[in-house]
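This report describes the fold of a predicted protein model, moving from strand pairings to individual side chains and then to overall totals. The sequence and the structure are shown here.

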Amino acid sequence: MTIRKENADDNKFRPDSGLDEALQRELDEALGDMSLEELIDQEQAPVKPSAPGLKRGKVIAIQGDDVFVDMGGKSQGILPAIQFEDEPLPAVGDFIEVVIEGYQPGEGFLILSRKGAVQAAAWNTLEEGQIVEGRVTGHNKGGLELEINGLRAFMPISQIETFRVEDLGPYTNQRLRCEVSEINREDRNVIVSRKSLLEREAAEAREKAFGALAEGQILKGTVRTVMPYGAFVDIGGVDGLLHVSDMSYSRVNDPSTVVQPGQPIEVKVLKIDPATRKISLGLKQVLPDPWVGAEEHWPVQSLVNGTVTKLMDFGAFVEIAPGVEGLIPISEFTYLKRIKHPSEVLSDGDKVNVRVMSVDVPRKRISLSLKQVGDDPWMGASARWPVQTIVQGTVKRITDFGAFVELTPGVEGLAHISEVSDARVRSVRDALQEGQSVQAKVLEVDEENHRISLSIKQVRSMPEYTGEIAEETAQTS
């Protein structure tokens, strides 16, 4: 079925009529050596196309699968309605953009194409750096094939994501926003990149997220990577460092025992450095503080069980609850002997029973004692070694000011340098040697402070002194 305009000023159409023979002759004469498009351009002066190659026409009728368009002057065109499958058909009177594909002499209509119009519009408006949207129509080993406004485009595999892509299948039929990175109009090639767009959007999101951050905020994040010194956490487009010391109140030797990549966690913003754009995060700061109520949980003189976590020159740290560590000073290890290093008595991981000596919650310190768990050898010292009695002992240590004499394991008395010999000595070693067995008189006992004062010279001045008797016996013999 065809239609024709009865005259230039009449909008009434009569179906089933062929092109008027006079009109046909007039059209042939008008064309002469000019192309059809040149003729239309001349007679369509009032309607200017929006881009080279495009023509604007007015919809004058829609019949069945055909859309009839008045192209101006005495020209009419026909356009398949199927080319509007992605959007509603235009209404009679609407202006649309088309491309003239040819001419039907028998029917007298111009052959129009809307698909070509879209392509022409795209080619004329497409620019490098432009953001477009396309549908993935297929893929090969090098990347994705896309259709963008009727144009074919290609996205290299390295430009699909910000990470390496192994499987291209899931992208088929997806609609992707991307950036035009290269145009070759001569070969009608278009190269696009989604990666550049994603990177730019991510940078904008990071900038926005960084500006919204404030110290003290509690935020949800996702662990990105775990390092020996901590973990990097994504908190909405911005990465912050969760240091190993802020992961738990307990001592953490390996961060991977606390968090894993991809794990969602809640963290607190501890510090923001605008100059370096570094963000410090804390995980333990959003957890209950185990030191709250420590005085009630572990009162002074109470006995508790714990695990040795670290040995130092000055003592050993013992965890008595998750996140709560106490210190056993080296002086509180044993009564039996003086040790130079905690490793002589304990090892990392040892289970121990200790006594609480002091609790300082504000400073988060607990002092513990290992030796005071058992019997104190100083108990009853005043009765066991009364003042003025003669005792037997072994010189354990010699110092500039005197000699320490062990009376029993865990109990030592001090013989001052002035009490080691009747003769004047410049050094204690002039009169005594370590390991030497001696007799001494008890001068004073301070059981509470674990002190006993001894005199060796006062025993040697006594006639019954066994040392002098032994010397006299040796001379007589």
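Valine 59 stands opposite valine 69 in E4, where strands (E, at least two residues) and helices (H or I, at least four) are DSSP runs numbered from the N terminus. Strands of a sheet pair through backbone hydrogen bonds, either parallel or antiparallel.

E3 and E4 are part of a barrel that five strands close in the order E3-E4-E5-E7-E6, with mixed pairing. Neighbouring strands of this sheet are turned on average by 50° against each other, direction ignored, the axes being lines fitted to C-alpha atoms, for helices over the stretch in contact, and angles running from 0 to 180 degrees between N-to-C directions. Across strand E5 (75–80), strand E6 (95–104) and strand E7 (109–113) lies helix H3 (residues 114–125), which runs at about 120° to E6.

## Basis of the model

Residues are numbered from 1 along each chain as its sequence is written, and side-chain values use heavy atoms, with hydrogens and water left out. Because this is a predicted model, local features need pLDDT of at least 70 and side-chain atom pairs count only at pLDDT 80 or more, whereas totals for chains, interfaces and linings use all residues.

Strand E8 (residues 131–140) and strand E9 (residues 143–148) run antiparallel and are joined by five bridges, and they form a hairpin with two residues between them. Within this pairing, arginine 135 stands opposite glutamate 147 in E9.

E9 also pairs in the antiparallel sense with strand E10 (residues 151–156), over six bridges, and here glutamate 145 stands opposite phenylalanine 154 in E10. The hairpin of E9 and E10 has two residues between the strands, and asparagine 149 takes a positive phi near 55° in it.

Strand E11 (residues 175–184) is joined to strand E12 (residues 189–193) by five bridges, and the two run antiparallel. Valine 180 stands opposite valine 192 in E12, while in the hairpin of these strands, which has four residues between them, arginine 188 takes a positive phi near 55°.

## The barrel from E13 to E17

A closed barrel of five strands runs E13-E14-E15-E17-E16, with mixed pairing, and its neighbouring strands are turned by 50° against each other on average, direction ignored. Five bridges join strand E13 (residues 218–227) to strand E14 (residues 230–234), which run antiparallel, and the bridge partner of threonine 222 in E14 is aspartate 234.

## Threonine 309

Threonine 309 lies in strand E18 (residues 303–312) and is partly exposed, with a relative accessible area of 22%. Not counting residues up to four places away in sequence, threonine 309 touches Arg251, Phe317, Val318, Glu319, Glu325 and Asp348. A polar contact of 2.8 Å joins the side chains of threonine 309 and glutamate 325, whose C-alpha atoms are separated by 8.5 Å although the residues are 16 apart along the chain.

## Totals and confidence

The protein has eight helices and 27 strands, and 37% of its 477 residues count as buried. Among contacts between residues at least 6 apart in sequence, 56% join residues at least 24 apart.

The average pLDDT (the predictor's confidence in each residue, from 0 to 100) is 83, and 86% of the residues score at least 70. Over residues 1–19 pLDDT stays under 50, and the model has 37 contacts beyond four places in sequence for this stretch; over residues 468–477 pLDDT also stays under 50, with five such contacts.

How values were computed:
Buried < 20%, exposed > 50% of the residue type's maximum accessible area, 1.4 Å probe, protein only. Contact = heavy atoms within 4.5 Å. Pairing = 2+ DSSP bridges. Polar contact = N/O pair within 3.5 Å; in protein donor to acceptor, adjacent residues only side chain to side chain.
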